[in-house]
Amino acid sequence: MNGLMNDRIALNKRPTELDMSVQRKFVILDRDGVINHDSALYIKSPEEWRPIAGSLEAISALVQAGIEVAVVSNQSAIGRGLISEEMLKSIHMKMSREVEKAGGRIAGIYYCPHHPSDACDCRKPALGMIKRLEHEHGILVKGMPLIGDKPTDIELAKRAGARPILVRTGYGENSLDSIDRSVAVYENLACAVKALLAEGTT
Ligand SMILES: [Mg+2]
Ligand SMILES: [Zn+2]
């Protein structure tokens with residue numbers, strides 16, 4: 001009888017913010033300039049998607065440590081008419097395949113396909129993609145690391161209450177002047193992940 005009542009109490013108990021963050025850990029990654037080399041001409045095919053040295057292994061290291069990885073990426077190349085949504089999906093299939101070959105896994109890929117002039121609610125630093133990630137995975141990104149190479153990534157992290165981290169790869173070197181000193185800066189994704197895992201608290 002007591003056992004049954006306790007079960008009922010347990011079932012009725014709603015997860016608190018703390019419970020949720022204890023259950024699942026995420027690191028949120030920008031794509032271009034963080035996982036793969038960026039291009040001023042945009043990444044328009046799977047062939048043009050080339051991983052930055054150590055990035056696939058870094059994602060794998062996170063996953064092996066029980067930390068899930070999600071990608072949030074502005075892909076205005078679609079809104080600009082440079083690539084189709086189908087092409088973007090085949091680029092992402094290649095990325096997922098390469099990550100899996102290295103022993104990792106990407107839990108979710110979110111992208112904004114819009115043109116900057118569309119004034120959508122998902123183009124970074126707007127919160128649309130973060131809200132979808134939170135909704136689809138039942139998590140809160142508050143306090144979770146968000147790693148990017150542009151000021152918009154840092155701004156997104158701040159708006160989401162996530163922990164902003166800048167890498168010097170991609171556009172990162174150019175972003176240094178426009179971010180404040182409180183933001184952690186690492187050489188590349190491999191170094192950022194190494195530091196996060198060394199903390200043991202991510
Ligand atoms: Mg980027
Ligand atoms: Zn959008």
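Tutor: With a definition: two strands pair if DSSP finds at least two bridges between them. Note also that this is a predicted model.

Student: What makes strand β4 (residues 145–148) and strand β5 (residues 163–167) a pair?

Tutor: There are four bridges between β4 and β5, and at least two are required, so the two strands pair. The sense is parallel.

Student: What is the path of the chain from β4 to β5, and which hand does the crossover have?

Tutor: The chain passes through helix α7 (residues 151–160), and this β-α-β crossover is right-handed.

Student: How do you know that strand β1 (residues 25–29) pairs with β4?

Tutor: β1 and β4 share two bridges. The definition asks for at least two, so they pair, and they do so in the parallel sense. L146 in β4 is the bridge partner of I28.

Student: Which way do the residues of β4 point?

Tutor: P145 and I147 point one way, L146 and G148 the other, and all are buried. In a regular strand, side chains alternate between the two faces of the sheet.

Student: Why are helix α3 (residues 55–64) and helix α9 (residues 189–199) called roughly parallel?

Tutor: Their axes come within 8 Å and cross at roughly 20 degrees. Angles under 35 degrees count as roughly parallel, so α3 is roughly parallel to α9. The crossing is left-handed.

Student: Which residues of α3 and α9 meet?

Tutor: From α3, S55, E57, A58, A61 and L62 meet L189, A190, V193 and L197 of α9.

Note on methods:
Residues are numbered from 1 along each chain as its sequence is written. Chains are lettered from A and ligands numbered from 1 in the order in which they are written. This is a predicted model: local features need pLDDT of at least 70, side-chain atom pairs count only at pLDDT 80 or more; totals for chains, interfaces and linings use all residues. A residue is buried if 20 or more other C-beta atoms lie within 10 Å of its own, exposed if 12 or fewer, and partly exposed in between; C-beta atoms are placed from the backbone. A crossover is right-handed if, with the strands pointing away from the viewer, the path from the first strand over the helix to the second runs clockwise. Axes are lines fitted to C-alpha atoms, for helices over the stretch in contact, and angles run from 0 to 180 degrees between N-to-C directions. Angles under 35 degrees count as roughly parallel, over 145 as roughly antiparallel, 65 to 115 as roughly perpendicular and the rest as oblique. A crossing is left-handed if the near helix is turned anticlockwise from the far one by less than a right angle, and right-handed if clockwise. Two residues are in contact if their C-beta atoms, placed from the backbone, lie within 7 Å.
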